[in-house]
Amino acid sequence: PAAKTTSAGHAKLGSKVPIVGRALRVVETRPVRELMAEASRVDPELKQKAEEMNELNTLFVRRPNPNAPAQKDGALQSSFGPDGRFKLNIPAPIVVFEGLGVANSAPPDCAGAVGPNDYVQIVNGSGVRIYDKNGVPRGPAFKLSTLFSAFDPPVSTNDNGDGLALYDRMANRWVLSQFAFTSTTTPPYHQTVAVSKTSDPTGEYWAYDFIMPDSEFPDYGKIGAWPDGYYFTDRQFTNGGPYDGFGVFAFDRAKMLVGDSSATYIYFNAGPNLSDSSSGMIPSDYNGLTPPPAGAPNVFSVFLDDAFDSVDALRLFDFHADFATPGNSTFIERPESPLPVAAFDSRSPGTFSGARNEIEEPPPAVTADYLNAIGDRLMLRLQYFNRGGTETLTTVQTVNSGIIPPPGVAPTIAEYRAGTRWYVLEKTSPSGNWSVQDQGTYSPDTTERWMGSSVADNAGNLAVGYSTSSLSVFPSIAYAGRLLGDPPGMLAQGEATMFAGTAVQQLPNNRWGDYTTMCLDPADESTFWYTNEYYNVTGQFLWKAKIGAFKFDGTVAPPQGTLSGTITACDTGALLKDALVQVTGGPSTGFSAATKPDGTYSMNLSPGSYSATVIDPAHNCNAIGPFPVTITDGNTTTLDECLSGAASFVFDSATVSEDGGNGNGMIEPNECNNLTCPS
């Protein structure tokens, strides 16, 4: 069924027919550690001229609602605490370290992800860099295109931007993605997706090259992990020209985790009319030790603003992907949608003129240098957490918290003040509806706050990160938060500066990122990690990035134990890499871990009783199990098993190089002469 037309007259989906796409090619990449070792030698050849990335990102015309009521903010926090006094209960950063910086592209689009031991950052122009949690780089930055070197151009040669880094909590894997194209007006357009083979982000990846459908340029992609798929959305421009609304995708996660070349995506053209207010829709992204209820669809959201639409609300859609029978897949609006929210005004000075100079900077910046607010979309990400059956979603947007003009009129730069509006949605039963558990606009003084990102920890506490700037504050990186029991509608713990900038951006295109990234540490489900940009030298294309972490006092990791072991070949005892250990039946059902080259695996699970199975489709081994496994808090349970099966190629690292010797990053059938096949 198509999405309903609501009583308020909101538009239907552009299409109710799913389209199936397949990867052009799938390869096993070279280890990232090899790419990093080579990066310093090839970097001078990879320099690109100074240019604006994602140039289609602002081509969205919002037409005012002729019947719009007077605009206001119905959830404005105008002081630092419930008693009106400045409060500094927010914790100081645990660590802050230098991330990537570049002098040849804008905006950086700071994306990052944190895993048990590593932080992976990707930014426009500079590519990808991997750090330990003390901020020590594990190697030089590398261009993401080098991970796809076995493919044809433009995938193997172009780093066009909109990079994404994701940690898949359920599989203990890393996902890196970006688009590639020869020209914005010349299809085909590629979306490359690399899924790490193990928990080590410096190891090998399964790399996929997908062609995007219907000649739709896939701008501003966003991705989230879910039990049955990697869900993705983009802003579509037909042949790089007219804006065509939202494309929504589900990639076959189960197959991509094992390098299956038959992995597909399911796509709906959601069309340009789901919102007259917003050109950014986002999928939900899973966090924590408790997955969504079995069969739960991924939730997508876009906002409505009654300055352009008929209500202030969030539209919510369920994407159910059926990879076995794609025709059964659906993308439908939820029954409680549009979900009403407190009044807000998303208009900014450039709403009707197309100008981008909206966020004030101090001298030596002049008005022409001011920064783009990007107030027409929900920001990265729509974070999901399941706390004992209480499901939450969090996200933010940028709104006007200053002087609000009459309907149909944009605020002036002097009137406008960017504020960060946050939302926490809640659902307490699998079949229940989402409701607004908390919301507010954080703007406690004259400083502008925008480019936000948010996530909740395992105790239900919320952290929101953003950029700050004003006529007296250099663009800086800050965060605020609230505890679950704080007064509603307030980031009552106050604000901390993660890093204070010391210079301004003087740039003719005014771009200041398209998104920043707040994420939750899977090691304790309590520590927040945030990445954003800053300047320390005034000028053009001179941005840098910081990465930092903090946590609320008193929050602790939830109860958990470890399942680990070694998988071998039954007849030879050889260590098996790329085997997949999966658990079902307990609180962390659906979690999995792949074996490393030494045959070992490890995963953290909520305490409980599970059934474990072991498969190795990469080597055509027979599946074994289920085996009963009991996980207890703070302890390690060991499960060592062996696999057998015809043509189960076991890699002999002593006699064969990792790619069979030809350097293409793939193990080809004719390169298996020195591999053993247990019976």
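Predicted model: local features only at pLDDT ≥ 70, side-chain atom pairs only at ≥ 80, totals over all residues.
1. Overall make-up. The protein chain has 679 residues, and 63% of them are buried. Its secondary structure consists of two helices and 40 strands.

2. Contacts along the chain. Counting contacts with a separation of 6 or more, 66% are between residues 24 or more positions apart.

3. The sheet of nine strands. This is an open sheet with antiparallel pairing, in the order S9-S10-S11-S12-S1-S16-S15-S14-S13. At its edges are strand S9, residues 164-168, and strand S13, residues 216-226, each of which pairs on one side only. On average, and with direction ignored, neighbouring strands here are turned by 25 degrees against each other.

4. Strand S1 (residues 19-28) and strand S12 (residues 205-211) run antiparallel and are joined by five bridges. Glu28 has Trp206 in S12 as its bridge partner.

5. The sheet of four strands. A further open sheet, again with antiparallel pairing, has four strands in the order S35-S34-S37-S38. Strand S35 (592-594) and strand S38 (624-631) each have a single partner strand, so one side of each has no neighbour in the sheet. Neighbouring strands of this sheet are turned by 25 degrees against each other on average, again with direction ignored.

6. Strand S37 and its partners. Which two strands flank S37 in the sheet order? They are S34 and S38. With strand S34 (residues 580-584), strand S37 (residues 608-615) forms an antiparallel pair over five bridges, and in this pair Val583 stands opposite Ala612 of S37. With S38 the pairing is also antiparallel, over six bridges. There, Gly608 has Ile631 in S38 as its bridge partner.

7. The two faces of S37. Side chains alternate along this strand. Gly608, Tyr610, Ala612 and Val614 point to one face and are buried.

8. Asn400. This residue lies in strand S23, which covers residues 390-400. Is Asn400 buried or exposed? Its relative accessible area is 0%, so Asn400 counts as buried. A polar atom of the Asn400 side chain lies 3.2 Å from the backbone oxygen of Ile403. Leaving out residues up to four places away in sequence, Asn400 touches Asp73, Asp345, Arg347, Pro405, Pro411, Glu415, Tyr416 and Arg417.

9. Pro338. This residue is placed in the loop between strand S20 (330-333) and strand S21 (339-340). Why does Pro338 count as buried? Its relative accessibility is 19%, and buried means under 20%. The C-alpha atom of Pro338 is separated by 9.8 Å from that of Ser301, and the two residues are 37 residues apart along the chain.

Note on methods
Residues numbered from 1 in each chain as written. Heavy atoms only, no water. Buried < 20%, exposed > 50% of the residue type's maximum accessible area, 1.4 Å probe, protein only. Contact = heavy atoms within 4.5 Å. Polar contact = N/O pair within 3.5 Å; in protein donor to acceptor, adjacent residues only side chain to side chain. Pairing = 2+ DSSP bridges. Axes fitted to C-alpha atoms, helices over the stretch in contact; angles between N-to-C directions.
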